[in-house]
Amino acid sequence: MSAVSAADSGTADDVTRDADEVERRPCPRCDVPSGSPCRSRSGAVAGTYHTGRFARVPRLAKRLRVQTPADRRPGRPWRPGTPPPAPTGPDRPSADIRIGYARCSSLTQELQSQLDALTAHGVGRDKIFSEKISTRLKARPAFEKALATVRRSRPMPRTAASSSPCTR
């Protein structure tokens with residue numbers, strides 16, 4: 001058997017669960033805050049978590065190493081990301097009301113990547129407004145519908161803006 005014991009290997013779900021537990025604590029070696037994977041000296045995401053970090057998790061303390069899951073992009077430069085928010089029940093009063101707007105300037109561009117991103121972030125298809133229209137035009141019907149929906153939903157909505165380029 002190799003230096004890595006059989007307990008160190010597992011399914012992708014196990015690796016992700018281990019990583020989530022490790023990332024609840026800051027790393028004393030690379031000084032990354034909690035919620036972020038360890039970094040190498042070059043600033044890239046490390047392939048394994050530093051021992052001083054994962055040893056703080058009692059269930060992982062005796063392991064020789066804890067792998068960084070593939071979805072954290074080990075070996076690539078670290079970039080802060082915006083993970084999709086956790087789903088909340090629509091019956092909860094504190095639940096966010098998510099409304100999306102996607103737009104492309106020309107008919108040759110496609111909206112699907114923007115629509116997929118909005119859906120991945122928890123916006124229902126019935127709350128996504130999209131159009132292919134130039135920003136030079138004063139009247140943008142889908143944008144006006146989205147704003148009207150926001151105004152009807154809450155008196156003071158919390159807004160977040162994101163821009164992703166259209167692809168051809």
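Analyst: Rings of Phe, Tyr and Trp (for Trp, the six-membered ring) count as a pair if their centres lie within 6.5 Å; planes under 30 degrees apart are stacked, over 60 edge-to-face, and the rest tilted. The model is predicted, so local features need pLDDT of at least 70 and side-chain atom pairs pLDDT 80 or more, while totals for chains, interfaces and linings use all residues. Residues are numbered from 1 along each chain as its sequence is written, and side-chain values use heavy atoms, without hydrogens or water.

The search of the whole structure finds one aromatic pair. Tyr-101 and Phe-143 have ring centres 5.0 Å apart and planes at 65 degrees, which makes the pair edge-to-face. Tyr-101 belongs to strand S1 and Phe-143 to helix H4, 42 residues apart, so the pair links distant parts of the chain. Helices (H or I, at least four residues) and strands (E, at least two) are DSSP runs numbered from the N terminus. Tyr-101 is partly exposed because its relative accessibility is 25%, and Phe-143 is partly exposed at 26% (buried is under 20% relative accessible area, exposed over 50%, partly exposed in between; 1.4 Å probe, protein chains only).

Ala-142, Ala-146 and Thr-149 are the buried residues of H4. Seen down the axis of H4, these residues fall within an arc of 60 degrees, so they line one face of the helix (the arc is taken from the directions from the axis to the C-beta atoms). An α-helix has 3.6 residues a turn, so residues three or four places apart point the same way. On the other side of H4, Arg-151 and Arg-152 are exposed. The cover over the buried residues of H4 includes S1 and strand S2 (128–132), where contact means heavy atoms within 4.5 Å.

S1 (100–104) also leads on to a loop, which holds Gln-109 and runs to helix H3 (112–120). Gln-109 counts as buried because its relative accessibility is 11%. A polar atom of the Gln-109 side chain lies 3.1 Å from the backbone nitrogen of Ser-105 (a polar contact is a pair of N or O atoms within 3.5 Å; within protein, one must be able to donate a hydrogen and the other to accept it, and residues adjacent in sequence count only if both atoms are side-chain atoms).
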